[in-house]
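Open the model in your viewer and keep the selection tool at hand. This tour goes from ring to ring.

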Amino acid sequence: MDSEASRVRDSEDVLSDTFFEARAADLAQRLGRGRFEHTLGVAKTAQNLARLYQVDERQARLAGLLHDWDKSYDDTGIRKRAEELALAVDPFVFEEMPQLLHGPTAAAALASAFPAIPHEVIQSIERHTAGAVGMTDLDMVVYVADALEPGREYLGLGAIRDLIGIVSLEELYLTTFRQVLLNLVERRKRIHPQTTDIWNYYIARSREATGKEPKRGTL
Ligand SMILES: [Fe+2]
Ligand SMILES: [Fe+2]
């Protein structure tokens with residue numbers, strides 16, 4: 001444990017402005033300029049979303065700042081880090097999509113270096129790359145903030161930003177998840193193996209929430 005970690009005693013300390021600024025200074029060293037700006041954008045967007053949807057603002061701000069803590073590793077480096085942290089990871093992801101490990105490795109490394117960071121914050125960092133079934137409100141805030149922060153620009157983004165504060169947080173998450181998936185398919189990218197389970201879970205809940213069942217297609 002380094003001296004910084006030993007000085008951070010409890011969750012009040014890690015949610016302070018002082019801790020936020022110290023970790024931002026760390027990130028300025030760990031990440032390139034563009035990625036660092038992205039993390040500041042995610043922190044601010046997560047805080048704003050948290051305020052809007054009654055989620056803990058300071059937890060959201062911290063998770064947003066730290067979510068890409070391990071983003072600067074190359075494929076070999078991130079695999080090595082996952083092994084060093086003894087993470088149980090999907091073999092397909094490990095071999096074929098190692099960059100998606102940066103959420104789980106960041107979560108494990110930060111929990112070890114700063115044990116006072118609340119578990120909820122660590123979990124939202126772990127889940128920001130792939131999403132999950134049973135996301136908490138904080139998990140959804142961080143996932144959405146990562147996709148919608150002001151520095152982002154991609155097809156369909158404007159329409160989702162227009163839904164902020166209009167639809168529920170879960171609907172905003174589902175809509176964001178859908179757009180991320182669409183863009184991956186459109187670009188002929190591989191998708192995380194958990195994507196089907198997550199999509200099926202949330203689309204069923206969305207239908208239950210709206211009471212609408214889509215018309216069945218005919219073959
Ligand atoms: Fe990320
Ligand atoms: Fe990110």
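This predicted model holds six aromatic pairs. Rings of Phe, Tyr and Trp (its six-membered ring) pair if their centres lie within 6.5 Å; planes under 30 degrees apart are stacked, over 60 edge-to-face, and the rest tilted.

Select Phe19 and Phe114. Their pair is edge-to-face, with 5.2 Å centre to centre and 85° between the planes. It joins distant parts of the chain, 95 residues apart: Phe19 lies in helix α3 (residues 17-30), Phe114 in the loop between α8 (102-113) and α9 (119-126). Helices (H or I, at least four residues) and strands (E, at least two) are DSSP runs, numbered from the N terminus.

Buried or exposed? Both Phe19 and Phe114 are buried. Buried means under 20% relative accessible area, exposed over 50%, and partly exposed in between (1.4 Å probe, protein chains only).

The charged end of Arg23 sits over the Phe19 ring, 4.7 Å from its centre. This term needs NZ of Lys or CZ of Arg within 6 Å of the ring centre and within 35 degrees of the ring normal. Next, select Arg61 and Phe20: the charged end of Arg61 sits over the ring of Phe20, 4.4 Å from its centre.

Now move to Tyr201 and Tyr202. They pair edge-to-face, 4.8 Å centre to centre, with 85° between the planes. Tyr201 is partly exposed at 31% relative accessible area, whereas Tyr202 is buried at 3%.

Residues are numbered from 1 along each chain as its sequence is written, with chains lettered from A and ligands numbered from 1 in the order in which they are written. In this predicted model, local features need pLDDT of at least 70, side-chain atom pairs count only at pLDDT 80 or more, and totals for chains, interfaces and linings use all residues; side-chain values use heavy atoms, leaving out hydrogens and water.
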